[in-house]
Amino acid sequence: MEQRGRRSWLKSLQWLVFCFVFLFRSESLGQIRYSISEEQEDGAVVGNIAKDLGVDLRTMKERQFRIVSSSGESPFRVDEKNGMLHVDGKIDREQVCDRSSVCLINLKTVLENPLEIHYVEVEIVDINDHAPTFIESERRLEITESAQRGARFQLQQARDPDGGVNSVQQYKLSDNDHFRLEVKERGKDGKIPILVLQKALDRETRPTYRLVLTAIDGGKPPKSGTVNIIVDVLDVNDNAPLFTEDVYSVTLEENAPIGSTVVKVNATDLDEGSNGEVIYSFGNEVTGKLRDLFDLNSISGEITVKGHIDFEENDVYEVDIQASDKATSPLTTDKTVTIKIIDVNDNTPEIEVTSFSKAIQEDSRPGTTVALISVTDLDSGVNGKVVCSVKGELPFKLMPSVKHNMYALVTSSLLDRETVSQYDVPLTATDSGNPPLSSMKTITVMVADVNDNSPVFTINPYTFYVVENNVPGEAVFSITASDRDIDENGIIRYQICRQCDEESKYTSFLNMNAESGEVYALKSFDYETVKTFQFHVLARDDGKPPRESNVTVHVYVLDQNDNPPVILYPVSSNGSYEGTEELARNVNMGHFVAKVRAFDQDVGYNGWLLYSIQQMTDHTLFGLDRYTGQIRTLRAFTETDEPEHKLVILVKDNGNISLSATATLTIKLVEPKEAFAASDVQGPDSTGDENDVTFYLIITLGSVSALFLISIIVLVVMQCSKSPDYGSKYLQDTNYDGTLCHSIQYRSGDKRYMLVGPRMSIGSTLAPGSNANTLMLPDRRRASGEVRSIFTTTNYFGL
């Protein structure tokens, strides 16, 4: 069984191999391939098909050898006589096999009796009978100028009916700087030319490019075709407007009329259409102030004056102008227009005191800076050149500074506040414009005080008269001094200089108010003890350092009637003045009987004594001289007269309130012999009494004379130390004849008075109400309310 199955399988395999070999051989025998060139002439032999198919020529016709074509007439025919395959008509490969790389015509041959079918392939070999062609002779290509480098643009493919190597093999592009050519293989479609942008386009530089694309086939010789490629560069708003001028700088006079043209700007845009239309506007940074001063025409670019132009407010304006196109996304260009304002002399100079010392010390040296002056003129150039000066004769001058229009006001001479304490300094500033403008300013300079003046007493020396018996503690007189300085430098304080005159012991009795200058007496003065003294007063200011001066003060103590008369004869006995005189009866009329002697320590009227008989027994016998105190007989004695007469003598002074003393004198009438004897007996005693009285009188006279000499010396010194006018205040002594021991001259209002005693022979008149004791002297001096006294200290006693 296995062997039979194995044999059956082998038989089946052999049959399959036989069938395959048969079919293969049969196919090989029927597939004949010829190759001819296209464009062969009609009847051109393709091949001996009968021979190649192994068909006997004798039976070809019998067996009806024919070519069967399913598509219509066959481009080939078979010559039955010789079995040759001929071209039937002209074969155009491009018509037969369009767009095929290999052109094969499949022929089906049939033999009948028996039926045989054979397939024949005729390859139509292409010849280069066509040149490459483009559909259009000119091709426009639009590329935006913003296209990036490397951008690719597919071009029109050239057509060449030829096939194989005779078809389009390459493309060439005319020389240019912006494009290159790439060829892309696309299978059956062949080669596709692609235009590649290798350099950025700029429509404003070159808006159109004309290129030539050449397609070349592979024939020998090659054929080619061309197409004109026009590249239109489409505009992109890539150009901002450009101003025609690099710099816009113009000048404009200030105060230019409104509407005046300042400048006209112009900008162009290389773009086209709305991208190239330019409009003008102010820049974003232009302030409202500039917009108020200038106007801009958005179409023409003309800048005109809109507001008041003032050089002093601004001498140059920088106006930002913007030029924009009308593109959807407009591009702008900024330009600054510089407008320089030309100055007109329409501003007066201004004077400013930048640093000012309102007060300058009077001891400042010449050249001391008082103030710094800044002069400004808003104009420029010659109009702003200013000269400043000081008007008038003042101790100041202007010194120009290194800095322009800066001056220093300095002193040109020494100052004295006590002469001029304030200066009004007028400053004048004048520019150099045409016509020039000027301005003035006055600054007030105060002269500050320095302590350069010592206190000055109103009178030097001072002479004061103090009434004796003054009330202790009360002001007796006042010292006044002045200081030309002010403030602390002019505040004066007074003090008694106790060290200036060590011999003046009376300063301890005085005190002084340091502020008012009033002098107070700490005790009462007694004329009879001290009649005059002097001391020094020191006046010192409060300056730093202080200044001082002193003055001599002469004080004269004026007498008051505080001493009653003192009777020297009759001599006091037990407090009463009583005396006895014996008188011979035979004396004649006018015979000297006795003299009442008295003196008063007071002076002037207070020491002027008057005598009177207060009481007597017989008024016809004795008379009393009221000024001398001499008692004389008025008549001769008679027998009937009483032998003893008592006289009470009243001695009183002439003070306002008179003080007096009385003396009693008893006169006894005796016979001449008795009187003579009595005088002999009493001679020694009376001589002794007379000597005592004389001794006292000599002492008194010496004291008064010494005091008089001192007064004269003081007056001479005062006269020598003062001017003639001042010395005329002291009245000269007046000669007189009488018993006045003291005299005084004084002034009251515009009249002069002199207190004198009796028997004055000076030719003067008595003042009314003076009790015949006051002489009114002719006024040869100016009026004064001060009393000037001269103490005449000569006591005269008549014997």
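Tutor: The place of serine 324, for instance, is in strand 22. The model is a predicted one, so local features need pLDDT of at least 70 and side-chain atom pairs count only at pLDDT 80 or more, while totals for chains, interfaces and linings use all residues. Residues are numbered from 1 along each chain as its sequence is written, and side-chain values use heavy atoms, with hydrogens and water left out.

Student: Is serine 324 buried or exposed?

Tutor: Buried means under 20% relative accessible area, exposed over 50%, and partly exposed in between, with a 1.4 Å probe and protein chains only. Serine 324 has a relative accessible area of 11%, so it is buried.

Student: Which residues does serine 324 touch, not counting residues up to four places away in sequence?

Tutor: Contact means heavy atoms within 4.5 Å. With that sequence limit, serine 324 touches Pro241, Glu277, Val278, Ile279, Leu331 and Thr332.

Student: How many bridges join strand 22 to strand 23?

Tutor: Two strands pair if DSSP finds at least two bridges between them. Strand 22 (residues 316-325) and strand 23 (residues 332-342) run antiparallel and are joined by nine bridges. Alanine 323 has threonine 333 of strand 23 as its bridge partner.

Student: What is the order of the open sheet of four strands?

Tutor: The order is 16-23-22-19, and the pairing is mixed. Strand 16 (248-253) and strand 19 (278-282) stand at the edges with a single partner strand each, so one side of each has no neighbour in the sheet. From one strand to the next, the twist averages 30 degrees; axes are lines fitted to C-alpha atoms (for helices, over the stretch in contact), and angles run from 0 to 180 degrees between N-to-C directions.

Student: Which residues make the nonpolar surface patch of about 300 Å²?

Tutor: Patches are made of residues with over 30% relative accessible area and no salt bridge, joining like charges within 9 Å and nonpolar side chains (Val, Leu, Ile, Met, Phe, Trp, Tyr) within 5 Å. A salt bridge is a side-chain nitrogen of Lys or Arg within 4 Å of a carboxyl oxygen of Asp or Glu. Accessible areas come from the Shrake-Rupley method with a 1.4 Å probe, and for residues only the protein chains shown count as cover. Here the patch is made by Leu115, Ile117 and Tyr119. Leucine 115 lies in the loop between strand 6 (103-111) and strand 7 (116-125) and is exposed, because its relative accessible area is 61%.

Student: What should I look for in the backbone angles?

Tutor: Most peptide bonds are trans, and most residues other than glycine have a negative phi. The peptide bond from asparagine 113 to proline 114 is cis, with omega near -15 degrees, and proline 114 is in the loop between strand 6 and strand 7. Another cis peptide bond joins tyrosine 569 and proline 570, with omega about 0 degrees.

Student: Where is asparagine 255, with phi near 65 degrees?

Tutor: Asparagine 255 has its place in the loop between strand 16 and strand 17 (261-264), and its phi is positive. At 37% relative accessibility it counts as partly exposed. Aspartate 487 has a positive phi near 55 degrees and is in the loop between strand 35 (481-482) and strand 36 (492-497). Its relative accessible area is 56%, so aspartate 487 is exposed.

Conventions
Helices (H or I, at least four residues) and strands (E, at least two) are DSSP runs, numbered from the N terminus.
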